[in-house]
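Reader: I have a structure open on my screen, and I would like to learn how to read it. Could you walk me through a few features?

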Amino acid sequence: MNLRGRSFLTLLDYSPEEIRHLLDLSHSLKKEKAARVFPERLKHRNIVLIFDKTSTRTRCAFEVAALDEGAHVTYLSNSQMGKKESLEDTAKVLGRYYDAIEYRGFGQEIVEDLARYSCVPVWNGLTDTDHPTQILADFMTIEEHAKKPLQEIHLCYVGDARNNMGNSLMIGCAKMGMAFTAIAPRALWPEEELTARMQELSKTTGAKIAFSESLDAAAGADVVYTDVWVSMGEEAQYAERIKLLEPYRVTMELLKKTGNPDVLFLHCLPSFHDLETAVGKEIFEKYGLKEMEVSDEVFRSKHSVVFDEAENRMHTIKAVMVATLGE
């Protein structure tokens, strides 16, 4: 399958067969790295990473994956894009210097415009509405731990279902013929237009898309997934989100509702499951919460595969780069 020259902006742009190819390549590349085999498929390639939002996993995964494959990386967090130079002009300049661009930041239109004007592959490291590289890592992790194929998996997302992870997981599940249930307050369900598109897509892939405000909808789930209650840029909304989402914390009681002793717990990280962060301590002082979206008990339990999931960011991002930029 030839994906060379393609941007990776959203899974909406990729067919189930193309996503399957990227997952298979991810598994293969992980085995190569474990065997210390480095073919350097990106040798003499130059990649720029533009970060308008802070990051740990995304930046590190892109840098290590690129270096493993022989590419040179520039980390850019202080560009003039949108300040003293238009996005269009910046994209045209970077497209002359670099073979590919990664962007992590705010509006989806930014990464779309970078692809439009740069004439090189552009990869979405996260926007306000989409996080496609994370979904590849999530599905890879499920395949490593679940005892059934993806199309038989029931993934239950609990929490803020209208953020980039809620959107992206619904898209990914619809594409791959999986069952997706979002459990969230109705005010935090995804946009109706996107939901309608995914329900229409599900008619061809066999996926099932459902929404509920009841935790009982987790029954039968193979995977329970959650994310932070407040996304980057929404910090002023903590009080409102805590009031809405505290009943939706992922606890052992919730996992028991699945009726599945082997249920997996996933989280894209970072997670507020204890008081070992500055934000966690601040929330405790203001609102008295020792845990937010997931209990420490669940986070550290046998069900949790969050660190395998974090590692797989690197392998799946490498697969995207190799598939779209490699020789």
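Author: Gladly! Let us start with a helix: the buried residues of H7 pack against helix H6 (164–176) and strand S7 (208–212). Helices (H or I, at least four residues) and strands (E, at least two) are DSSP runs, numbered from the N terminus, and contact means heavy atoms within 4.5 Å. This is a predicted model, where local features need pLDDT of at least 70, side-chain atom pairs count only at pLDDT 80 or more, and totals for chains, interfaces and linings use all residues. Residues are numbered from 1 along each chain as its sequence is written, while side-chain values use heavy atoms, leaving out hydrogens and water.

Reader: Which residues of H7 are buried?

Author: Buried means under 20% relative accessible area, exposed over 50%, and partly exposed in between (1.4 Å probe, protein chains only). In H7, the buried ones are Leu194, Thr195, Met198 and Ser202. Seen down the axis of H7, they fall within an arc of 95°, so they line one face of the helix; the arc is that of the directions from the helix axis to the C-beta atoms. On the other side of H7, Glu192, Glu193, Lys203 and Thr204 are exposed.

Reader: What follows H7?

Author: Glycine 206 does, with a positive phi near 85°.

Reader: Now the sheet, please. What is the order of its four strands?

Author: As a general idea, strands of a sheet pair through backbone hydrogen bonds, either parallel or antiparallel. Two strands count as paired if DSSP finds at least two bridges between them. Here the open sheet runs S2-S1-S3-S4, with parallel pairing. Strand S2 (72–76) and strand S4 (122–126) stand at the edges with a single partner strand each, so one side of each has no neighbour in the sheet.

Reader: How many bridges join S1 and S2?

Author: Strand S1 (residues 46–51) pairs with S2 over five bridges, in the parallel sense. Look for valine 48, which stands opposite threonine 74 in S2.

Reader: Is arginine 57 buried or partly exposed?

Author: Arginine 57, in helix H2 (residues 57–68), has 21% relative accessibility, so it counts as partly exposed. Not counting residues up to four places away in sequence, arginine 57 touches Cys268, Leu269, Pro270, Ala310 and Arg313.

Reader: How far along the chain are arginine 57 and glutamate 311 from each other?

Author: They are 254 residues apart along the chain, yet their C-alpha atoms are separated by 8.4 Å.
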